[in-house]
Structure formats: C-alpha cells, structure tokens
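Have a look at the structure first, then read on.

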Amino acid sequence: MGLTITEKILLKHSKNREISPGDLIFVKLDFILANDITAPLAIKEFKKIGAKRVFDPEKIALIPDHSTPNKDIKSAQQVKEVRDFAREQEIKYFYDGGKVGIEHVLLPEEGLVLPGDCIIGADSHTCTYGALGAFSTGVGSTDLAYAMTFGEIWLKVPESIKFIYYGRLPKWVGGKDLILFTIGKIGVDGARYKAMEFTGEVIRRLPMADRFTMCNMAIEAGAKNGIIEPDEITLEYVTNRAKRNFEVLDSDKDANYSEIYEWDVSNLEPMVAFPHLPSNVYPISEVTNKNITLDQVYIGSCTNGRLEDLRIAAKILKGHKVNPNLRLIITPATPLIYMSALREGLIEIFLSAGAIITPPSCGPCLGGHLGVLAEGERALSTTNRNFVGRMGHPKSEVYLSNPAVAAASAILGKISAPWEVEVKE
Amino acid sequence: MIYQGKALCYGDNIDTDVIIPARYLNTTDPYELSLHCMEDLDPSFKEKVKEKNILVVGENFGCGSSREHAPLAIKASGVQCIIAKSFARIFYRNAINIGLPILELPSAVEKIKEGDLIKVDFINGIVENLSTGEKFETKPFPQLIQEIINKGGLINFAKERIKGGEL
Ligand code: SF4
C-alpha cells in the first residue's frame with residue numbers, strides 16, 4: 001500500500017520503520033512557532049520542565065502579531081515576556097516593532113517553512129503551511145513547551161481525505177471560495193483529526209496565495225492539516241526564499257484515503273459564509289438580493305491579507321469611494337506586502353477611496369483592536385472565523401467572503417457581487 | 001490505571017467557551033478555573049461532580065479554541081476521566097498533555113445513563129457499566145500515551161526525560 005504525502009512526511013520525521021493512520025508516534029520538528037497570546041503560557045511551562053536552553057534557537061519563531069503595536073498594558077506585558085525570553089534564549093526569528101507581520105503570512109514569505117517540513121505552532125491556523133507541501137498543525141502551549149525543549153512532539157497519524165477539483169474557475173472566484181464551498185459541503189467537523197489533501201487540475205493552476213488561503217481554513221473543517229503536493233508553482237515561490245534545504249514529496253498513486261470528494265467547480269460563484277459558522281455558506285447570487293447592509297468591511301488576516309488579495313481589492317476600489325455608511329479597514333499582512341502595495345500604488349487607491357490602512361497585525365480579525373465591532377454591528381470580512389463575538393461584541397455579526405466581494409460591498413454598502421461595480425482601468 | 005465512579009452525562013459539541021468562558025481566562029490557576037467550569041451549560045456542575053466524576057459526553061467534545069484552560073478546569077473540578085463519542089483534536093492533545101485521562105468509545109456513551117457506576121480500565125481499553133453489567137472495548141492507548149498520563153502529563157514526562165540525562 002502506498003502512502004499519502006502527509007504519511008510520508010511523518011514517517012521521515014519519526015523513528016518508526018512504517019506508520020499507518022491511528023498510530024501514535026514521535027516526530028522531529030523542523031520549525032516551531034508561537035505568538036504573543038500563546039508564547040507566554042508556553043514559556044511558563046518550558047520553565048517548569050527545567051531545561052536551560054531551547055533545543056535550537058534557529059528553529060523557533062516568536063511573533064507577537066496579535067496585540068501589537070501593543071494595544072494596552074496587559075498585552076504590552078505579554079509581549080515583553082516574549083521579548084525577554086527571546087533575548088535570553090537568543091531566538092533567531094523573533095519579530096519585533098516594524099518587522100512584525102501576521103505569522104502565517106510572514107513565515108512562508110521569509111522562507112522559514114518549506115516543502116517536506118514537519119512544523120507545529122501554538123496557533124490553530126498553523127495548518128496554512130500545508131500549501132507548501134509541509135505537514136503543519138496547531139497545538140496547545142504545553143506541546144509547544146515540550147517542542148521547545150526536545151525539538152519533537154507526539155502525534156497521531158491522521159487519515160487523509162482527498163479533494164479533487166475539476167474545471168476552470170470563473171472570474172472573481174479563488175481559493176477562498178473553494179475552501180468555503182468545501183467546508184459548506186462537509187461541515188465544521190467534516191475532517192476532524194484528518195488531513196485534507198487538495199488536488200486536481202484547478203489546484204495545479206492555483207496561485208500560491210490561493211493555496212495558502214485554502215490550507216489556512218482546513219482547521220475550520222476540524223482538520224489536523226491541509227496539504228497540497230508541491231509543483232512548479234510551489235518551487236517558484238520557494239526557490240529564492242528558502243533559508244535551508246527542503247525535500248519535495250508527493251502522494252503515491254495507491255495511497256489510502258478515508259474519503260475522496262470530486263467536484264467540477266467551473267460554475268462556482270464567490271461564496272459568502274453567514275453568521276456564526278464558516279460552513280453556513282451561500283453563493284453570492286443568493287445573497288445580493290437579501291440587501292444585507294454593513295457597518296464594516298475588513299480586508300486582511302492570514303487568510304486574505306496577501307499582496308494578491310490587495311491587488312484584487314484595489315482593482316475594484318480604483319476610482320470609487322467607500323460607502324459613507326461603513327468603514328473599510330485594510331491590513332497588509334506583512335511589512336513587505338505593505339511596501340509592495342505602496343510601490344504598486346495600491347495604498348493610494350485605498351486611501352483615495354476612503355479606506356483605513358492598519359499596520360500588519362491580527363488586530364481586527366480576532367476582535368482585539370484596530371477595528372472592533374459594537375453591539376448590533378454587521379461586518380463582512382475576508383478572515384476565517386465568524387463565530388459569535390469573533391470580531392467584537394457578542395451581539396455583532398460577521399460574514400466571510402473573498403477580497404473581491406469585500407471590496408465591492410464596501411463601495412455599495414451591502415453584500416454585493418464584484419460585477420455590480422464598474423472596474424475603472 | 002483503573003478509574004471507578006458514577007457517570008455525569010452531557011451532549012454533543014460542548015465547546016471550550018462553555019467549558020471555561022473567556023471571561024475567566026485571566027488566570028491559569030486550575031483551582032480558580034474549576035470554580036467556573038461548565039457554568040454556562042450547567043450551573044449545578046460543581047455540585048454534581050462531587051458525586052459523579054466520570055464525564056460521559058457526545059461528539060466533538062472540546063471544540064473551538066486551543067485554550068488549555070479547558071481541560072485544566074475539568075481536571076481540577078475532580079473529574080477522573082472523560083469518555084466521549086469523539087473529541088475535538090486540540091482538546092484531545094491538551095487533555096493527554098495535562099494528564100487528564102480520556103477515551104473515545106461511542107458504543108459505551110450511547111448506553112451509559114447518568115448515575116450509572118462505571119469502571120474504566122485504560123490499560124486494556126475496557127469500559128464496564130457496573131450498574132447494568134455491560135462491557136465495551138476499544139483499542140487501549142499505546143504505552144507512550146499511558147506513560148504520559150501516568151506521570152501526570154507531558155511536563156512531568158519531560159522532566160523525567162531530562163533527569164534521565166537526555167539533555
Ligand atoms: S490573522 Fe486572525 S486567524 Fe490569522 S493568526 Fe491572526 S488572529 Fe489568528
């Protein structure tokens with residue numbers, strides 16, 4: 001019996017001679033990470049273990065992206081704890097000040113997470129790096145403390161589900177719509193414990209940005225990891241960035257999958273997830289006639305805050321004004337994306353339209369700062385979660401969409417399709 | 001590793017927000033957390049758990065955030081172990097890592113009623129309903145996980161590795 005890419009990566013990182021789904025194994029880690037919410041707890045546990053030094057200061061990233069620039073005294077304390085620890089342990093990849101970017105966009109951009117890697121992070125969206133053909137999953141703080149000490153972790157080998165997408169994606173439809181559609185089909189626990197492997201001709205043509213978006217939201221279906229076999233598109237992305245060697249693996253033809261889904265997505269529309277579950281999805285054509293007015297539109301996050309996302313938003317916003325009844329908030333996910341958006345003139349388009357630009361931060365995505373919703377307010381957001389109270393008051397509402405729908409909706413004041421707005425060249 | 005106690009039953013999709021609401025996350029002290037454990041779901045949990053300390057729950061127990069405060073609160077409440085139809089992934093890890101014994105056994109969950117006297121044998125993966133005489137079996141945890149649980153969690157497990165000269 002052949003192996004899936006997930007199984008191959010885990011096998012290579014274990015001491016076992018063979019593995020199969022359900023086995024509990026120890027795996028060596030190529031890279032681990034934590035942020036300003038999860039690192040303080042992990043540091044506390046690390047100290048309890050009694051180890052003097054971390055296993056390898058060059059394989060750990062500490063990224064205070066959730067509450068920075070420090071939003072209040074408590075978060076300033078937390079960030080300081082992380083900073084002190086990073087200095088004491090000489091953690092090589094500690095990002096501070098103007099270097100901070102949203103972790104799951106920053107690390108791939110920096111070439112620190114690579115194909116074939118085995119990675120854990122104390123953040124549930126660590127599954128994002130599966131887009132590079134890595135095994136990558138979110139864990140708790142105790143796991144991270146253990147990993148900081150020994151450079152390894154225990155794992156249950158997951159079963160894999162294969163998702164095959166056929167056809168050609170229509171205009172304005174991308175990775176966000178594919179993954180919302182998929183979660184809508186299988187539900188928020190449809191892939192619990194399992195690996196979601198995305199493949200098919202649509203994926204083979206899909207740009208890296210969209211692949212990251214898809215793997216990012218694997219956790220929203222309960223998955224352990226999302227993964228895409230590397231190809232030329234992956235290698236083009238990775239080659240000039242990689243800070244170390246990597247290995248390209250793929251799934252065997254006779255690998256075993258617990259389920260296989262096949263969809264022709266040639267007629268897929270932009271999808272919108274209604275409150276309060278990411279699986280609560282509708283195609284845009286069933287939404288626009290509902291006249292869902294908005295108080296805030298957010299374009300950003302580890303799901304859709306990449307340069308490609310900002311380009312799409314700028315294309316639609318160019319020459320238009322943000323509807324006076326709402327705020328449009330845009331967050332370039334990393335300093336490099338911010339700089340590129342500036343050079344390409346995207347920031348000027350956003351500011352001319354009346355948008356607010358925030359520094360790279362998680363802020364609005366988790367209702368932390370830089371754009372928190374009031375009671376009864378409604379937002380459309382390019383993020384990944386629309387749980388109760390996710391972006392602010394427990395009685396606020398979050399709808400999820402791709403950046404094109406978000407930009408068009410920001411102009412028209414209600415959830416709208418991109419083709420309702422005249423694109424001005 | 002054998003636990004015996006009375007069953008306390010809840011349903012499906014119990015999320016970490018219900019297990020320990022976000023408003024109490026300003027502490028990591030297990031005792032303080034236990035004072036609010038499950039209070040949004042069942043205000044009398046604290047009383048019931050004194051008498052019935054084997055939790056028997058449905059699908060997807062512990063879904064939601066990765067907060068370790070959730071299994072910590074349950075453990076500090078005096079719960080001996082949890083039998084579920086299934087656990088959400090990160091809760092499952094966190095429970096084992098903090099030394100809270102858990103077991104997935106859907107057939108047992110379906111049959112057990114609140115108050116039944118339950119015996120759980122982790123070494124052999126057997127759940128016995130002493131009130132009805134029914135017996136349910138599953139694959140026991142591999143030795144490694146039993147070891148982690150026996151030592152009271154991953155941190156103690158790690159300490160011993162260090163003592164054993166591994167670092
Ligand atoms: S952008 Fe949102 S989902 Fe992504 S890491 Fe930050 S808080 Fe989490």
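## Two domains in chain A

Chain A splits into domain 1 (5-262) and domain 2 (274-420), with bounds that come from an automatic or database domain assignment. The C-alpha centres of these two domains lie 25 Å apart. Their contact (heavy atoms within 4.5 Å) draws 33 residues from domain 1 of chain A and 37 residues from domain 2 of chain A.

A word on the ground rules: this is a predicted model, where local features need pLDDT of at least 70 and side-chain atom pairs count only at pLDDT 80 or more, while totals for chains, interfaces and linings use all residues. Residues are numbered from 1 along each chain as its sequence is written, chains are lettered from A and ligands numbered from 1 in the order in which they are written, and side-chain values use heavy atoms, leaving out hydrogens and water.

## Where the domains meet

Domain 1 and domain 2 of chain A bury about 2800 Å² between them, with 66% from carbon and sulfur atoms; buried area here is the accessible area (1.4 Å probe) that two parts lose on being put together, summed over both. On the domain 1 side, A:Ile102, A:Trp172 and A:Lys176 lose the most area, together 26% of what that side buries.

The rule finds 1 salt bridge across this domain interface, counting a side-chain nitrogen of Lys or Arg within 4 Å of a carboxyl oxygen of Asp or Glu. A:Glu220 and A:Arg385 also pair up through a salt bridge, at 2.6 Å from N to O.

## The ligand's spot

What surrounds the ligand? A shell of 13 residues, the closest being A:His125, A:Cys302, A:Cys362, A:Cys365 and A:Asn384; a residue counts if one of its heavy atoms lies within 4 Å. Domain 1 and domain 2 of chain A both give residues to this shell, so the ligand lies between them.

## Chain A against chain B

The chain-to-chain contact takes 32 residues from chain A and 31 residues from chain B. Together the two chains bury about 2800 Å², 62% of it on carbon and sulfur atoms.

Across this interface the rule finds 3 salt bridges. B:Arg93 makes a salt bridge with A:Asp143, with the closest N and O atoms 2.7 Å apart.
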